[in-house]
Amino acid sequence: MRHLLLLAVLAGCSRPAETSKVQLRIAAPGDLAPLGPQPLQSYSAIAQEWVYEPLVRLDAEGSTKLALASRLERIDSKSIRASIRADARFSDGSPVAPGDVVESLKSFNLSAYEKDGAVVIESEAVLPETVLSRAVISKTASGTSLGTGPFFVAEQDASHMLLRRKVHLPDHIDDVVIRSFPTPREAFARTLAGEADAYPLIDSRQIEFFEGVPRFRVLRAPNTNAIAVVFSTRRLDRNTRLALLASLPGPDLARMAYPNGCSPMQWESASFHSLPPGRPLNIVAVLKAGSHVERMALAVQRLLGPRGGDIEDLSYADHQHRLTTGEFDLLISTPIVWPQTDMLLLWHTKSPLLTQWYSNPRVDGAIDSGDTARAMRELMDDPPVDYVCLPERLAVVDARIKNARIGPFGVFETLADWEIAR
Amino acid sequence: MTEAGESRNAFARRLALIVAVSGFLIAVLGGVALEILRVRSERSSQEALHAIAEQAGRRLGSYIAQQKVLLRALAGALAAEPDTNRKLQQLALDAPSLGKVAFVDSRTSSANLRPIKSELLAQALQGTEVSSPLYTSDSLALAMDICVPAPGLPGVAACTTLDLFELQREVQHIRFGETGFALAFDADGRLFAAGAGPLRQAVVSGEMLVESSFAQKLASGEDPPTRFKSSLGEEVVAGWARLANPAWAIVVEQPTSEALRASRLALAGLGAIALLALGAATAVGISQSRKVLTALEIEERWRTAGRIATGITHDLGHRVAVLQATAALADAGDPAYLPLVRDNLREEVATLKKFVADFADLSRNVDTSQFVPLDLNAFADSVRRAAAPFAERAGVQLAVAPSSAPLWVRADRYLLERATLNLLSNAVEASPSGSEVLVDLGQRDAVATLSVRDQGQGIAPDRLPRIFDAFRSTKKTGAHVGMGLPNVRRIVDAHGGKVSVESTPGKGSVFTIELPLAPPG
């Protein structure tokens, strides 16, 4: 009798219906670099925000909110104590240990050590909390880089990357496939043709083609990076750099490189310095990043007149190498400008964010004392860079996604929370 | 029905017919006018769209021509310059649509100029300006190869692959109204630029659209339709234009919901006004005709009242004369006159009682809720017995021929009896002594029939049509005001039946009552 009852109960139970998985295909121009926690000069970088987590994230106002950290305490201007969330887990299920956090932070040029179950982070430069948003926490296991984010890398090669959500969430994206196309033009065309559901950082001229297409929605947001001409402080002296700053006015460059418009940088134009005659200055850039990069390089060449040298096309890897070693005259780049504290820290000698050959004690001192205005003046007095303008960030996404947006910091940073309308 | 009533009804019908015919004519004329208006407004929209398509076509054609002019100018200006390559590089800033221009001569390998074909190159080096058809490049960009000879430099040409991105943007920017857009097709009907977002995918995928076949028609010299269901699934009005060189087709479409909105509103407004006018005219016509009919009816009632008064005056006057004569006999005091006085008084009382009874019947309305089931066979026999004494005094036999089966009807027994007795008494009065009056019962389809036959003098044919009219008695004057047969008809009509008469002068008459059968239960 009891067996019959059990059978009846089992027969009455029904298996929950399988809900169909949601896959988002993202178009990306250029080869995809293997995903890792370090900054990447490749479109695969957009996946870092879904696989890895930092201790804190930035909100739309540039303030920090806790992510992997459960608590932050400021010890002094150059050190912070962070407690880790007890429930934090890597994609293999292993808990996040303070030691993992220490090793991750060290790889971002931050000094860190474990103390009383928490992690103490120190910097030789002033250490705002915002800096911690750029250092993601990871560990390597069996040759694979693991993160604590909602997604993990299931497959990857130069042409595609498959990221899978660890825990299924109804009406949310389960899989993300990043598909590589040889050029931005082809990525745009394939997306329009329906072979991709999203295309981040699309050219402003191409965005018009998506307006009115019911399948897509255009996203716009202010940029956190400016387009800039970086001067090699290793090859060019201060006077030459000052002259370059005056010879390459941002509005003129912006007008030529961005016919559709680009928000100007909000500071005074440089005072006049004549560019002395000399050898032509070479201009390096990753031209396949988009037509705007090529136009910027041509605009720089034109404005320099006889001193405008050849334009050299680089790969993303070469670009990073040249930036670090200073083996260039002028380099088209997109340095961060938001939040402003981080923008200045890019040029602090002891800052973990410094990625290129530059050192100016006056700038360091102003930053350390928290005097932003003075830091900017000192920077422009010995300029390593000519900030041109802030191009709008544009993307297209599948119109079924209800709450897709760009940012606040990463391009598709909030993708894990996007909901799909069925 | 009285003659006046008949003419009144006829008048009402004629009036209604006139109003209906007038209204119909107005509606037809109005519909024709509205249709002409609709066709004209649609043609006007199409002409506007055609003009825009022509203008768009000229702009696109001039765009390509401008690129060629620019390329020629550059070829002339830069071909012999020392830093040509750098200057050509700089063209991306000033003329991005020109693409990557290259100067070529006989030593240049066509492999270095991919995708420009070698035959194009060869023609250009011979001094001919050439261009390829539209094609899609490896990066899915819309492209066209152009080569122009460098002026003054034989054997040198400037070649480029035009990036027609800007051309596509031009087409996308063409707008007409809120929802109008342009599409551009090559000679094969392939869409290469779309102002409608939902169709833009076809630019890249190469999918053929509804409009593609129309574009091919235009390319072959036929006229494409100017109104059709577009690839977006909605009805559109369209204007087409054809470019000769290159052989492209441009169509500017606008959904009819917008294109014809103004005319449709106007048509709807006019239609509403027309309907209102028609309705008002009909209402006024009906109102006026009602007034006329009411006036006629009132007039008829006065005439009827006049005839009643005439009849009553005449009959009562005769009764008064007889009573006066009788009173004079009584005044004489001669006992020998007493029997005559008594007989006269009895006869006049009986006549006046019947007179009052006739009017009493007129005042009694038929209430169908009081109807009861009645077997006409039994009913006829009952009426025969009631009329028997009167018939016996007149020396006339009364007989009833029942039907083989029961004839059930629903009726007001009293009123039906009054009607039947009226027919019987008329038949007895008309019959010579010794003849027979027969009540014959029968059934025809779903109708029961009760016929009263006499063998009297019959009724003149010219009187038959008005036999049931009020106050037109065929009997001797001084006996009736002529309400009997009209009352019979009123009663039978109220029972849902009808009464009719057939008569042969010299042989007799047959009055027949027909009532609908109503078997009990």
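Analyst: A salt bridge here is a side-chain nitrogen of Lys or Arg within 4 Å of a carboxyl oxygen of Asp or Glu. Please keep in mind that this is a predicted model.

User: Which residue meets the side chain of Arg25(A) in a salt bridge, and how many residues apart are the two?

Analyst: The side chain of Arg25(A) meets that of Asp197(A), with N to O at 2.8 Å. Arg25(A) belongs to strand β1 of chain A, whereas Asp197(A) sits in the loop between α4 and β15 of chain A. The pair therefore links distant parts of the chain, and the partner is Asp197(A), 172 residues apart from Arg25(A).

User: Is Asp197(A) buried or exposed?

Analyst: Buried means under 20% relative accessible area. Arg25(A), at 24%, counts as partly exposed, whereas Asp197(A) has a relative accessibility of 4%. Because that value falls under the cut-off, Asp197(A) is buried.

User: Which parts of the chain does the salt bridge between Lys350(A) and Glu124(A) tie together, and how many residues apart are they in sequence?

Analyst: The closest N and O atoms of Lys350(A) and Glu124(A) are 3.4 Å apart. Lys350(A) lies in the loop between α10 and α11 of chain A, and Glu124(A) in the loop between β8 and β9 of chain A, so the parts tied together are 226 residues apart in sequence.

User: Which residue has its side chain joined to that of Thr148(A) by a polar contact?

Analyst: Thr148(A) is found in the loop between β11 and β12 of chain A, and with a relative accessible area of 9% this residue is buried. Leaving aside neighbours within four places in sequence, Thr148(A) is in contact with several residues, among them Val51(A), Tyr52(A), Leu68(A) and Phe90(A). The polar contact, of 2.8 Å, joins the side chain of Thr148(A) to that of Glu53(A).

User: Which strands stand at the edges of the open sheet of six strands in chain A?

Analyst: The order in this sheet is β18-β22-β17-β21-β19-β20 of chain A, with mixed pairing. Each edge strand has a single partner strand, so one side of each is left without a neighbour in the sheet, and the strands in question are β18 and β20 of chain A.

User: In which sense does β18(A) pair with β22(A), and which residue stands opposite Ser263(A)?

Analyst: Strand β22 of chain A covers residues 385-390, and β18(A) pairs with this strand over two bridges in the antiparallel sense.

Terms used: Residues numbered from 1 in each chain as written. Chains lettered and ligands numbered in written order. Predicted model: local features only at pLDDT ≥ 70, side-chain atom pairs only at ≥ 80, totals over all residues. Heavy atoms only, no water. Pairing = 2+ DSSP bridges. Helix = DSSP H or I, 4+ residues; strand = E, 2+ residues; numbered from the N terminus. Buried < 20%, exposed > 50% of the residue type's maximum accessible area, 1.4 Å probe, protein only. Polar contact = N/O pair within 3.5 Å; in protein donor to acceptor, adjacent residues only side chain to side chain. Contact = heavy atoms within 4.5 Å.
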